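Colleague: I am new to this structure and would like to go through it with you step by step. Could we take a few questions in turn?

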Amino acid sequence: MIFTFHIYHADLIQDETLPDVASIDIQQEIQWFMRPYLIDFLIEAHAAFQLLPETLFLAVNLLDRYCSRRVVYKRHYQLVGCAALLIAAKYGDRKERVPMIRELKSTCCSLYDEDMFTQMEWHVLNTLDWTIGHPTVDAWLQLALKDGPAYEDIEVEHMAWYLCEIALYHKDFVSKKPSVMAQASLALSRGILGRPEVLDNQNTDVSQTIVELSHKLDRPSQVLFRKYAAPHMSRVSNTLDLFLRQQEVLARRASPPTPPCEPVMQKPAPS
């Protein structure tokens, strides 16, 4: 059983196909500041169609891998995102949940004709040589939670999901391995929620990712904040917001007050 489990982990690591950030950097029309708007759109569409969590992470992976291989025009950026979401849903979601082309067209406010969705879907698949499967952050989180201590609960899981989705908005994490993101988000979630620390030997990549992720937690997308403020998501966005406010207060208290400036003694005027 243990032998099989380790083989499964090894296979997942080998399959961690990552986008080339340097190639996305040289895109002429799409820029990184546009990314949060598209991620907001994908998160809302993903929620509207009630797709599985791993479908969102796979869709973003497909989007980034495509953008690292093909020139993408600004007017087609949303279309590529829709095609990636459609492919990801077909790959791993329930058949009745897979969006219809007409539904995607409506979601895009009829900006694209129906045949454009089909054409882009085929173009993405051909560009990626039909290599769709990818171990998502969600898959690694589930494995880590099963291996984790008995005190793990649904709030820890929801917080880890929230942190991983915050990372989707930022260029810094596009080339991070899902296995590293899962470990980092889970460790950070435990710290935020005050759970006992798991004393394991975290590698340098995980430790660095924890630091980088902790710097991206303030001012999250309002779309994402509302998603994780729902009761079925344990209201973890509210919990994180409260935690950050408390940390800010503690930081102010720890800072020594600035000493008052002593008045400069003026020389008496010569008589």
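Colleague: Which residues does Tyr 162 touch, not counting residues up to four places away in sequence?

Modeller: This is a predicted model, and contact here rests on heavy atoms within 4.5 Å. With residues up to four places away in sequence left out, the residues that Tyr 162 touches are Pro 220, Leu 224, Phe 225, Tyr 228, Val 236, Ser 237 and Leu 240.

Colleague: How far apart are the end C-alpha atoms of helix α10, and what span should its 16 residues have?

Modeller: Helix α10 covers residues 178-193, with 13 of its 16 residues buried, and Gly 194, whose phi is positive, near 70°, follows α10. At 1.5 Å a residue the helix should span 22 Å, which agrees with the distance between its end C-alpha atoms, 22 Å.

Colleague: Which helix gives the most to the lining of the second largest pocket?

Modeller: The second largest pocket holds about 250 Å³ of space, and among its 15 lining residues His 46, Ala 47, Leu 51, Lys 227 and Met 233 lie nearest its centre. The lining divides into 9 nonpolar, 3 polar and 3 charged residues. Helices α3, α4, α9 and α12 each supply at least two residues of this lining, and the one that gives the most, with 3 residues, is α12.

Methods. Residues are numbered from 1 along each chain as its sequence is written. This is a predicted model: local features need pLDDT of at least 70, side-chain atom pairs count only at pLDDT 80 or more; totals for chains, interfaces and linings use all residues. Side-chain values use heavy atoms; hydrogens and water are left out. Helices (H or I, at least four residues) and strands (E, at least two) are DSSP runs, numbered from the N terminus. The expected span of a helix is 1.5 Å times one less than its number of residues. Buried means under 20% relative accessible area, exposed over 50%, partly exposed in between (1.4 Å probe, protein chains only). On a 1 Å grid over the protein atoms alone, a cavity is a set of points where a 1.4 Å probe fits but cannot get out, and a pocket is an open set with protein on both sides within 12 Å along at least five of seven lines; lining residues have an atom within 4 Å of a point. Grid points are joined across faces, edges and corners, and a volume is the space filled by probe spheres set on the points. Ala, Val, Leu, Ile, Met, Phe, Trp, Tyr, Cys and Pro count as nonpolar, Asp, Glu, Lys and Arg as charged, and the others, Gly among them, as polar.
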